[in-house]
Amino acid sequence: MNKITLRQTLIPLITFAIICFLWFGPIRISYIENIIISIVIIIANYIEYKGKPFSALGFQREKFTFKNIFVLAPLVALGLFVFYVFALVPGITKLTGVAIDYSNFEQLRGNLSACLTALLVVWATAGFGEEIIFRGYFMRQFVKFFGESKVSIVLNIVLFACFFGFMHSYQGITGQLVTGFVGALLALIFYLRKYDLWFIIAVHGFFDTIALICIYFGLA
């Protein structure tokens, strides 16, 4: 493991404190929370990595190809969604005995304009925002401090999957467990893809797009 400098220790600690304040502090900024946090992270990485904030998050220019983003990522997203619908949700619902709380999305059923707006919001806040925060920043910082041993990677994935699920508490206990499991799968894909953030953003974005289509047509 490379030697960690004081700069590389203090800046992540300060950044994490700012993120926690924005998420759990007295100021509530609703849908743009994750966008603001993403900007904070990019600034923090700019300072920490001396002008190279994006490569440190996993934005790999050579992997931003049509095949990766518009062919492979949608196929992975579709496979993940099929697993979500036919295995993950029924299995965890049976375990908890409580259905996922989808009430926050009721207004989207049959409402095309609302769904199109929601599509832009989820790509910005979930596709880009959540992936920059959870995979690009938290997961990469964990690797920086604790390395890439099998134990470290497993702890990395499980820890932030739990946090990811917790952040979706509005979906109830079943929704938290399901979302946490999906977060773990996204983290595993991110790791197997050698920290290709473009790819995992696309997978997350297309997954949510499929979900919104299902909600619009009353299939979820």
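Which helix does Y46 lie in? Y46 belongs to helix α2, residues 33-48; helices are DSSP runs of H or I with at least four residues, numbered from the N terminus. The model is predicted, so to speak, with local features needing pLDDT of at least 70 and side-chain atom pairs 80 or more, while totals for chains, interfaces and linings use all residues. Residues count from 1 along each chain as its sequence is written, and side-chain values use heavy atoms, without hydrogens and water.

**View 1. Helix α1 against helix α5.** Here α1 (residues 6-24) packs on α5 (residues 112-146) at about 145°, the axes being 12 Å apart. Axes are lines fitted to C-alpha atoms over the stretch in contact, and angles run from 0 to 180 degrees between N-to-C directions. Look for residues in contact (heavy atoms within 4.5 Å): those of α1 include P12, F16 and W23, and those of α5 include F134, Y137 and F145.

**View 2. The E48 and K144 salt bridge.** The closest N and O atoms of E48 and K144 are 2.5 Å apart, well inside the rule of a Lys or Arg side-chain nitrogen within 4 Å of an Asp or Glu carboxyl oxygen. This pair links α2 with α5 across 96 residues.

Key: Helices (H or I, at least four residues) and strands (E, at least two) are DSSP runs, numbered from the N terminus.
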